[in-house]
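Please look over the sequence and the structure below before reading on.

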Amino acid sequence: MKIITSLLILFTILAGCIQKEIVDDVNLETGAAYDYTKGKIRGTALIPVYLPDKTVKNRTFSSSSNLSRDFLRDVQRQSSDPLVSGSLKVVLFGERLAKEKGILDLIDSFQRDPSIGARLYLAVTEGEAKAVINGTYGERGNAIYLSNAIRHNMKSKDVPKTDLQRFLFDFNQKGKTPYLPRIKKLNKQAVEISGLSFFRYGLVVDTIPPEKMFYFKLLVDKYSKGTLKVNLGKDAAAIESIRSNYKMNLVSRNPLNVNIRIKVKAILNEYSGIRVTPKKIKMIEEKLEEEIEAECLKLTKRFQSKNLDPVGFGHFIKSKTRRFNYSKWETDYRYLKMNVQADVTITESGVID
């Protein structure tokens with residue numbers, strides 16, 4: 001009985017220490033955009049305003065400062081109610097900020113804020129981030145639209161999984177390069193994911209276009225869904241419901257040689273030719289294997305030439321090596337030999353003649 005009484009007293013004390021906030025009395029920041037302009041960082045907070053007709057109006061507050069941590073304090077002066085960041089869903093970084101100033105200070109401020117979740121989505125924009133976040137997308141507000149677009153493309157399309165937690169893990173993990181999706185504004189009501197940007201010390205140093213994202217995802221993530229078009233001379237095949245996984249093997253240490261095996265299972269959804277025969281299916285599988293091996297190898301060579309390692313070769317070899325010397329690895333990486341082996345199986349193809 002004494003234990004129960006003590007617990008009740010403890011809970012009462014702890015409950016009294018919690019700062020209560022009524023939703024109607026605060027402005028919930030659901031999105032943020034950061035740009036580098038005139039030698040200062042300009043932050044833009046996105047606040048959804050829920051109207052009587054159940055539509056959402058997107059309202060923004062902007063402020064510029066030399067210190068990224070001053071942003072929230074400064075925009076509070078513009079808001080009629082306290083501005084809180086506990087509902088933050090997406091943060092956009094402008095192109096110039098990501099290339100010239102870097103995003104590490106901002107990332108650090110996010111991870112130190114206990115109200116911000118680790119699953120926060122991050123993205124780089126083409127042009128200014130403020131211009132992207134100031135659009136009018138969907139009916140539930142821009143932050144919901146942008147975060148859903150990123151999540152959807154990670155779950156069933158070509159964008160590899162990443163968020164605040166994964167970005168920080170890759171950044172702090174030696175032998176691994178972090179990356180973020182790139183967003184382009186098409187017009188006032190539409191955006192698209194236009195590629196992937198790769199970082200070194202918080203700065204964007206390379207970007208791959210959308211058509212290369214499929215192959216990159218095969219190297220670093222597992223597909224549960226996906227689509228791809230395969231050309232066979234005059235004919236073409238549409239491959240859907242792609243499922244994939246990958247595995248690395250250390251073939252030799254002197255010289256360093258790593259083999260990546262990619263297994264793909266897919267469904268043939270459409271074929272422009274006259275008939276789908278077992279021979280045609282075999283041809284499609286072999287063609288897809290050739291494309292995967294060639295394109296994935298090109299990507300790994302590209303990253304190697306730029307001293308980037310988003311595939312994580314360094315992290316993998318470190319896990320297989322005692323007393324791993326990371327300083328030496330930076331030199332060894334230039335001479336690392338990489339092989340890609342693809343194994344494609346079409347499990348379904350409709351009616352075969």
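Two strands pair if DSSP finds at least two bridges between them, and the strands themselves (E, at least two residues), like the helices (H or I, at least four), are DSSP runs numbered from the N terminus. This is a predicted model, in which local features need pLDDT of at least 70, side-chain atom pairs count only at pLDDT 80 or more, and totals for chains, interfaces and linings use all residues. Residues are numbered from 1 along each chain as its sequence is written, and side-chain values use heavy atoms, with hydrogens and water left out.

**Strand β9 and its partners**

- Strand β9, residues 190-200, has 9 of its 11 residues buried, where buried means under 20% relative accessible area, exposed over 50% and partly exposed in between, with a 1.4 Å probe and protein chains only.
- With strand β8 (residues 179-187), β9 pairs in the antiparallel sense over 8 bridges, and the two form a hairpin with 2 residues between them.
- Asn187 stands opposite Ala190 of β9.
- With strand β10 (residues 203-208), β9 pairs in the antiparallel sense over 5 bridges, and Ser197 has Thr207 in β10 as its bridge partner.
- β9 and β10 also form a hairpin with 2 residues between them, and in this turn Tyr201 has a positive phi of about 55°.

**Helices and strand at the largest pocket**

- Helix α7 (164-172), strand β9 and helix α11 (326-332) each supply at least two residues of the lining of the largest pocket.
- The largest share of that lining, 3 residues, comes from α11.
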